[in-house]
Amino acid sequence: MDIERIDQIIDAHGRKASSLIQILINIQSENHWLPKEVLERVSERLEVPMNQIQHITTFYKSFSLVPKGRHEVHVCMGTACHVRGAQSVLDNVEDAIGIKPGETDVDLKFSLETVNCIGCCALGPVMVVDGEYHGNLAATQVEDVLKTYE
């Protein structure tokens, strides 16, 4: 991500330190992760100490300090999804994209995470890819769903 784009995002929030989290969210939504150089630029422009930024980015699970894939896959492992076969869905996702939860494939195509609850228990098991919900998902459907993101 180039410095100009980082500065545009910061300027859109009035260069206010109180907007730090939203700035980081906006940067990550475009870049898929928060490289150290980006955090240093944010620190400099907002006059917020780097250690405070690092504290925030390591506290919130939604921030990533390592590269993420272009497509983020989340599999709900909450109780309702679990009893409806979420583990089989997760196993098939792992087989289809070749990675485990918390990992990103070498091509930076997919990242995989598990979540405790997505909040749509009636649709379980649920897989979310790039914010698109796939509910009542049979493990046998996983590969077909993921192919639409290739």
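## Overall build

Of the 150 residues in the protein, 40% are buried (under 20% relative accessible area; exposed is over 50%, partly exposed in between; 1.4 Å probe, protein chains only). This is a predicted model: local features need pLDDT of at least 70, side-chain atom pairs count only at pLDDT 80 or more, and totals for chains, interfaces and linings use all residues. Residues are numbered from 1 along each chain as its sequence is written, and side-chain values use heavy atoms, with hydrogens and water left out.

The protein has seven helices and four strands. These are DSSP runs, numbered from the N terminus: helices are H or I, at least four residues, and strands are E, at least two. Their order from the N terminus is α-α-α-α-β-α-α-β-β-β-α. The C-alpha trace spans about 50 × 30 × 25 Å along its principal axes.

## Two nonpolar cores

A nonpolar core is a set of buried Ala, Val, Leu, Ile, Met, Phe, Trp, Tyr and Cys residues joined through side-chain atoms within 4.5 Å. The largest one has 17 residues. L20, I23, L24, I27, V42 and L46 have the most contacts inside it. Helices α1 (3-12), α2 (20-31), α3 and α4 (50-59) each supply at least two residues of this core.

Take L20. Leaving out residues up to four places away in sequence, L20 touches V42, L46, V48, I53 and I56. Contact means heavy atoms within 4.5 Å. A second, separate core has 16 residues, including V73, I97, L112 and V142.

## A serine in helix α3

Is S43 buried or exposed? S43 is buried, with a relative accessible area of 12%. S43 sits in helix α3 (residues 36-46). Beyond its neighbours within four places in sequence, S43 is in contact with V48, P49, M50 and I53.

## The largest pocket

On a 1 Å grid over the protein atoms alone, a pocket is an open set of points where a 1.4 Å probe fits, with protein on both sides within 12 Å along at least five of seven lines. The largest pocket holds about 410 Å³ of space. That volume is the space filled by probe spheres set on the points, which are joined across faces, edges and corners.

Lining residues have an atom within 4 Å of a point. The largest pocket has 20 of them, and S62, K68, E72, H74 and E113 lie nearest its centre. Strands β1 (71-76) and β2 (110-115) each supply at least two lining residues. β2 gives the most, with three.
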